[in-house]
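Let's take a walk through this structure together. Have the sequence and the 3D view at hand as you read.

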Amino acid sequence: ATLDGGDKTISYMAVDSTNSGKGFFGSAANATIKNVHIGESSHVVNYDRCGGVVGAMNGGTLENCSNAGLVRATCDVLLDTHIMGSGGIVGQVEGTVNISRCGNTGAVDAGRSGYTRLGGIVGRVYSGTTTIRDCYNRGDIGKTRAPRDAGGILGANGGTAKLENCYSTADVTKGTGSGTN
């Protein structure tokens with residue numbers, strides 16, 4: 001399936017949930033999502049796997065999407081060893097995912113204990129191969145509370161991540177883990 005947002009901006013979007021996998025799209029599988037823009041008056045406050053555009057993605061393409069709103073993960077317990085991800089564009093990805101020409105200017109943070117992985121574009125590559133190309137981040141990461149892992153572009157990589165021609169100018173605060181600026 002393909003969704004073309006027509007370069008329109010979604011303003012005043014409010015997603016407040018205690019469930020997993022939330023964003024403008026909660027989850028997407030083998031979809032192409034392009035030209036979707038989330039305005040700065042928007043926010044996604046969710047337990048985990050939250051993103052400005054997509055919460056969780058299993059295979060697919062994100063192209064020319066942006067987020068200027070707040071993304072906050074409120075996960076307050078360590079779920080087994082599976083610490084989820086939250087990101088400005090997409091929270092967590094698996095499978096084969098291609099992300100290109102996307103940008104984030106909204107803050108991405110952990111609202112409580114910091115049991116999360118935060119990234120300006122992608123919070124976590126859970127598995128599979130993800131290519132992030134021609135993307136940028138200008139939104140601060142982890143400023144409210146330091147997450148376990150954080151990065152200006154990618155918070156944590158559990159699969160294969162390829163970053164090409166990406167940059168971040170944001171402040172990144174991280175805890176004990178790593179991340180990719």
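What follows looks at a sheet, then salt bridges, then cysteines.

This is a predicted model, where local features need pLDDT of at least 70, side-chain atom pairs count only at pLDDT 80 or more, and totals for chains, interfaces and linings use all residues. Residues are numbered from 1 along each chain as its sequence is written, and side-chain values use heavy atoms, with hydrogens and water left out.

Start with an open sheet of 4 parallel strands in the order 2-5-9-13. Strands here are DSSP runs of E, at least two residues, numbered from the N terminus, and two of them pair if DSSP finds at least two bridges between them. At the edges sit strand 2 (14-16) and strand 13 (108-110), each pairing on one side only. Strand 9 (residues 70-73) is joined to strand 13 by 3 bridges, and Val71 stands opposite Val108.

Because Arg72 lies in strand 9 and Asp109 in strand 13, the pair ties together parts that are 37 residues apart in sequence. Asp109 is buried at 4% relative accessible area, while Arg72 is partly exposed at 25%; buried means under 20%, exposed over 50%, partly exposed in between (1.4 Å probe, protein chains only).

The whole structure has 4 salt bridges, including Arg117 with Asp149 at 2.6 Å.

As for cysteines, there are 0 disulfides (cysteine sulfur pairs within 2.5 Å). For Cys166, the nearest cysteine sulfur, that of Cys135, is 4.7 Å away.

Methods:
Salt bridge = Lys/Arg side-chain N within 4 Å of Asp/Glu carboxyl O.
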